[in-house]
Amino acid sequence: MTAPASSKPRVSLVLLCYNQQSMVRHAAESVLAQDCEPLEIVLSDDASTDGSYPILQRLAREYRGPHRVSARRNERNVGIGAHYNQLLGATSGALLITAAGDDFSVPQRARRLIEAWDATGGRADLVSSHVIDLDHDGVLHEVMRVDDLAPYRDVPHWLAERPYIIGAGHAFTRRMMERFGPLGPEVFYEDQIMVFRAIAGGGAVTVDEALVHYRRGGTSRRPRFDSSQHMAWWTERQRGRELAEMEQLIQDSTLAGCDAPVRAVMEGPLKKDRYLRRLRRSTTQSERWAAFRAAAPLATWWRLRKMLHAAFPHTTVILKRGLSVFHRRQH
């Protein structure tokens with residue numbers, strides 16, 4: 001049940017879900033129980049193949065309370081970055097609070113984030129908080145404290161010492177997203193991108209409280225590999241995610257007028273990641289040599305070692321093990 005049409009909420013809370021049937025009810029009920037001013041709450045499913053979306057639909061349909069609640073579903077699975085982009089069009093709040101389909105928001109979470117934002121006069125573009133580690137059995141562990149973002153006054157500070165942050169605790173402004181535009185379709189790690197955008201704009205602050213029970217692990221966690229093919233697939237996927245993050249940061253820095261220092265820091269790692277990705281996609285030795293030559297600004301020995309590993313992965317693994325044994329015996 002939605003709030004009256006005349007009372008337009010100024011804050012939106014978006015819950016992002018994908019194939020989290022066993023946990024999403026708990027997560028959604030926690031956002032519906034927020035004890036604050038009326039919110040616009042959007043329960044959004046990224047084309048799950050399990051029963052997640054019917055759960056969200058039922059909760060939205062049966063809700064009776066002060067918040068304006070709806071459920072929506074993407075026609076196809078689009079991933080984190082594109083899901084965020086779509087939710088900007090599906091909401092209207094000036095401040096957006098994010099929640100994951102496997103986390104739990106404490107009842108005062110939205111209220112405390114809004115109070116912190118209001119305390120800046122609405123100037124801050126991002127508000128963060130600490131989280132509590134939640135394992136897969138639902139047991140709470142220690143508080144995971146993120147860095148205080150208030151001292152980060154400019155991009156050079158962010159470049160010199162990237163803050164430790166956890167995106168599951170974030171709220172950010174619509175104006176920030178409209179200024180920088182949509183996230184790239186390959187973006188998966190949005191945490192630092194959001195913080196960078198905020199520091200390049202109105203700044204960011206941190207609430208000194210743990211407001212989210214943060215599910216340990218997730219899709220970015222390194223799995224146990226059951227085959228070399230599985231490991232190669234996972235490595236390629238992670239490499240693509242890291243590339244997408246760096247490319248988005250460089251694009252955003254250009255819009256913010258601070259691309260020179262950002263490129264100076266990121267172009268080296270970016271070139272390395274591009275080279276490694278091209279090697280993994282090469283199927284012939286001529287393609288590997290073409291990648292080797294194209295990456296010429298990088299150190300010759302490093303490029304050669306990576307090319308040999310791509311061409312003869314089992315041989316290089318055996319060589320590494322042999323060298324390790326040799327060094328142990330020498331010492």
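Start by selecting Lys272 and Trp302: the charged end of Lys272 sits over the ring of Trp302, 5.1 Å from the ring's centre. Keep in mind as you go that this is a predicted model.

Next, pick Arg241 and Phe188. Here Arg241 lies over the face of Phe188, 3.5 Å from the ring centre.

Now for the aromatic pairs. Searching the whole structure turns up five of them. For one, select Tyr84 and Phe172: their ring centres are 6.0 Å apart and their planes meet at 55 degrees, so this pair counts as tilted. The two residues come from distant parts of the chain, 88 residues apart, with Tyr84 in helix 3 (residues 79-90) and Phe172 in strand 8 (residues 171-173). Tyr84 is buried at 8% relative accessible area, and Phe172 is buried too, at 3%.

Buried or partly exposed: which is Phe188, and which is Tyr189? Phe188 counts as buried at 19%, because the cut-off for buried is under 20%, while Tyr189, at 22%, is partly exposed.

Last stop: backbone angles. Most residues other than glycine have a negative phi. Click on Asn19, in the loop between strand 1 (11-17) and helix 1 (24-32); its phi is positive, about 50 degrees. Asn19 is partly exposed, with 30% relative accessible area. Then hop to Ala47, in the loop between strand 2 (40-45) and helix 2 (52-62). Ala47 has a positive phi as well, near 60 degrees, but this residue is buried, at 11% relative accessibility.

Key: Residues are numbered from 1 along each chain as its sequence is written. This is a predicted model: local features need pLDDT of at least 70, side-chain atom pairs count only at pLDDT 80 or more; totals for chains, interfaces and linings use all residues. Side-chain values use heavy atoms; hydrogens and water are left out. Helices (H or I, at least four residues) and strands (E, at least two) are DSSP runs, numbered from the N terminus. Buried means under 20% relative accessible area, exposed over 50%, partly exposed in between (1.4 Å probe, protein chains only). Rings of Phe, Tyr and Trp (its six-membered ring) pair if their centres lie within 6.5 Å; planes under 30 degrees apart count as stacked, over 60 as edge-to-face and the rest as tilted. A charge sits over a ring if NZ of Lys or CZ of Arg is within 6 Å of the ring centre and within 35 degrees of the ring normal.
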